[in-house]
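Please read them with the coordinates open.

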Amino acid sequence: MATISRPLPGLDLKPRSLRVSDYLRWSVDHKIIGVQYMSLAIFGFIVGGILAMMIRWELLTPALDVMADGQAYNQLFTMHGSVMIFAWIIPMMAGFGNYLVPLMLGAKDMAFPWLNAFAFWLLPPSMLLMFMGYFAGQAEAGWTSYPPLSTLYSMDGQTLWALALHLAGISSILGAINFIVTIKNMRPEGMGYFQMPLFVWAVLATSIIIVMATPFLAGALTLLILDRVAGTAFFDPARGGDVLVWQNVFWFYSHPAVYIMVLPGFGILSEVLSVHARKPVFGYRAIALSSMGIALIGFTVWAHHMFTSLQPQLRIPFMITSMIIAVPTGIKIFSWLGTIWGGKIHFRTAMLFGLGFLSMFVIGGISGVMVASVPFDIHVHDTYFVVSHFHFVLYGGAVFAIYAGVYHWWPKITGRMLDERLGKLHFVLTYIGFFFTFFPQHFVGMLGMPRRVAVYAPEFQNWNVVISLAAFLLGISTFVLLYAMVVSLVRGKRASANPWRALTMEWATTSPPPASNFYGDPVPFKDPYGYGTEAAFYYLEDLERRYGKPEDAPAPVGKAAPQAAGD
Ligand code: HEM
Ligand SMILES: [Cu+2]
């Protein structure tokens with residue numbers, strides 16, 4: 001029978017209490033670094049969200065009547081997209097990985113704690129550089145920064161934007177190297193690769209993509225900066241350069257980058273659905289290997305972003321690879337449905353966002369297969385159909401997964417519970433706001449409304465009013481979460497070591513964990529998704545004898561807690 005580490009007699013199991021100031025300075029503790037990433041990312045989300053609200057405010061009418069001019073509108077969506085990708089989703093997923101991976105492996109920390117802190121502290125200056133662009137003429141060529149607009153016609157903020165992405169890229173690569181080495185070398189006795197939690201698999205696949213793809217972004221940015229400040233002509237057709245070189249190299253990074261954003265979300269889903277449905281994961285190996293499949297095939301599809309500028313003979317091959325990548329993603333979706341099928345589903349907020357992800361991401365996946373088909377894509381390229389597609393996969397996918405992760409691991413990270421009633425309000429407002437912001441964009445896109453314009457044909461106004469009002473509701477929903485977080489930190493119910501009665505190792509210690517993560521050397525439970533098995537039952541009982549039952553958090557060691565109606 002599985003055992004857990006027995007805390008030394010008399011050891012004070014009091015969860016570690018940390019002050020805000022602990023998070024504002026250099027620390028090599030992966031838990032502090034994880035929270036630093038997530039806090040910075042949440043700040044990025046708020047900024048990116050405010051920019052999104054301004055976009056929707058402008059698009060309430062067909063005329064340009066909010067922003068000063070077209071250039072200001074270009075700067076608005078450029079920063080919205082850049083901030084949401086590089087200052088919200090990528091750092092937020094790195095935060096989850098940093099906080100959870102060592103705990104899930106039963107390790108005291110990452111392989112390279114100093115490098116871990118260094119990688120994080122490259123991000124605040126990167127964000128600063130990006131925002132400093134507002135004082136130098138902000139970047140205005142979209143988050144895709146296509147030349148010649150980004151080289152010959154943009155102001156100095158475009159150079160700062162490129163330098164900011166350089167720093168963010170270095171931070172990302174250093175972080176990924178740390179994850180790969182930690183996952184390879186720091187698994188405990190008895191935890192082979194196929195005994196690892198699926199979140200760890202997802203982080204491993206993501207890190208491999210980061211290490212392989214990000215150097216291409218660095219290369220493209222270097223050429224762009226040289227064209228801007230050193231008079232080279234890599235992307236200047238008039239002097240023998242070629243703008244398509246940028247598009248190819250940029251998208252060779254940026255398509256895999258969409259998996260850098262969503263793969264960790266897939267990992268979160270596997271954890272949340274299994275724990276809150278009390279069922280083993282269906283198709284563990286299929287899910288684990290499909291993450292690797294996505295990492296690999298993800299490098300063969302980039303030119304589907306360039307169907308309108310690509311040599312015609314190359315379109316079909318990229319159409320085929322882009323459709324193939326739906327297969328490993330589909331394997332995950334069906335495995336997740338198999339996981340919750342017949343489960344005893346607890347409709348806690350974490351689970352609601354997990355189910356929300358499933359429904360919304362599948363819509364994004366279907367429109368993904370649609371835009372992968374050349375004839376259809378040529379019709380909807382650069383329209384709101386595309387804007388809708390990537391928000392369904394990035395917001396409906398990655399952000400919904402992030403929300404599920406926040407509600408699932410908040411008790412472990414903070415030692416406090418989030419209010420479930422506020423959580424459910426947050427979910428309902430988000431779900432309705434999200435759907436009516438982005439689903440109608442399919443229609444206006446297919447009817448021909450182009451993206452990246454502030455002035456549009458009047459016949460699109462009715463739908464844009466619906467879209468903008470829904471977007472404002474989506475904006476409000478975010479504040480419900482922020483309010484719930486503050487209330488929880490100030491006066492939330494204390495959390496036990498394992499409020500969801502989960503089997504992965506981050507729950508086999510106090511909430512929050514001590515500086516050394518565990519008391520003694522933790523022994524992994526052999527099947528991290530063995531819900532419903534006898535062994536799991538005794539393992540959880542043993543854990544609760546040590547750290548207390550969910551409802552009486554935290555209970556000192558050995559004190560018999562009143563029997564709760566377990567599941
Ligand atoms: C808060 C809700 C959000 C709303 C209302 C919103 C709205 C929009 C709109 C209307 C555009 C098109 C602007 C145009 O082409 O003129 C846009 C572009 C974009 N959005 Fe969002 N968005 C939201 C959240 C997000 C999130 C979470 C991401 C995650 C990555 C994201 C990433 C992007 C990107 C990459 C672009 C393309 C920018 C460009 O054209 O260069 N958005 N958004
Ligand atoms: Cu793509």
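1. I start with one helix pair. On the α8 side, the residues in contact are Leu263, Phe266, Leu269, Ser270, Leu273, Ser274 and Ala277, and on the α11 side they are Thr329, Lys332, Trp336, Thr339 and Ile340. The axes of α8 and α11 (residues 326-340) lie 9 Å apart, at an angle of about 15°. With that angle under 35 degrees, the two helices count as roughly parallel. Their crossing is left-handed.

2. A word on confidence, since this is a predicted model. The protein chain has an average pLDDT of 93, and 94% of the residues score at least 70. Two stretches need care. Residues 1-12 stay under 50 in pLDDT, and the model gives them 21 contacts beyond four places in sequence. Residues 555-567 are also below 50, with 16 contacts beyond near neighbours in sequence. Where pLDDT is low, the predicted coordinates should not be read in detail.

3. The angle between α7 and α8 is about 160° and their axes are 8 Å apart. The pair is roughly antiparallel, because the angle is over 145 degrees. α7 crosses α8 in a left-handed sense.

4. A further partner of α8 is α2 (residues 70-104). The axes of α2 and α8 come within 10 Å and cross at roughly 45°, so the two helices are oblique to each other. From α2, the contact is made by Ile85, Phe86, Ile89, Ile90, Met93, Phe96 and Met104. From α8, the residues involved are Tyr253, Ile260, Met261, Pro264, Gly265, Ile268 and Glu271. The crossing of α2 past α8 is left-handed.

5. Which residues coordinate the copper ion (ligand 2)? The donors are His255 through ND1, His304 through NE2 and His305 through NE2, at 1.9 to 2.0 Å. Along the chain, these donors follow the spacing H-x48-H-H. His255 belongs to α8 (residues 243-277), while His304 sits in the loop between α9 (284-297) and α10 (312-324), so this pair ties together parts that are 49 residues apart in sequence. Water is not among the atoms, so the site may look incomplete.

6. Are His255 and His304 buried or exposed? His255 has a relative accessible area of 7% and is buried. His304, at 15% relative accessibility, counts as buried because the cut-off is under 20%.

7. Two loop residues deserve a look. Thr383 is placed in the loop between α13 (374-380) and α14 (384-414). Its relative accessibility is 6%, which counts as buried. Leaving out residues up to four places away in sequence, Thr383 touches Gly445, Met449, Pro450 and Arg451.

8. The other is Leu60, in the loop between α1 (30-58) and α2. Leu60 has a relative accessible area of 22% and is partly exposed. Apart from neighbours within four places in sequence, Leu60 is in contact with Tyr456, Gln461, Val465, Ser468 and Phe472. Of these, Ser468 is 408 residues away from Leu60 along the chain, yet their C-alpha atoms are separated by 6.2 Å.

Methods: Residues are numbered from 1 along each chain as its sequence is written. Chains are lettered from A and ligands numbered from 1 in the order in which they are written. This is a predicted model: local features need pLDDT of at least 70, side-chain atom pairs count only at pLDDT 80 or more; totals for chains, interfaces and linings use all residues. Side-chain values use heavy atoms; hydrogens and water are left out. Donors are N, O and S atoms within 2.8 Å of the metal (3.2 Å for Na, K and Ca); water is not among the atoms, so sites may look incomplete. Helices (H or I, at least four residues) and strands (E, at least two) are DSSP runs, numbered from the N terminus. Buried means under 20% relative accessible area, exposed over 50%, partly exposed in between (1.4 Å probe, protein chains only). pLDDT is the predictor's confidence in each residue, from 0 to 100. Contact means heavy atoms within 4.5 Å. Axes are lines fitted to C-alpha atoms, for helices over the stretch in contact, and angles run from 0 to 180 degrees between N-to-C directions. Angles under 35 degrees count as roughly parallel, over 145 as roughly antiparallel, 65 to 115 as roughly perpendicular and the rest as oblique. A crossing is left-handed if the near helix is turned anticlockwise from the far one by less than a right angle, and right-handed if clockwise.
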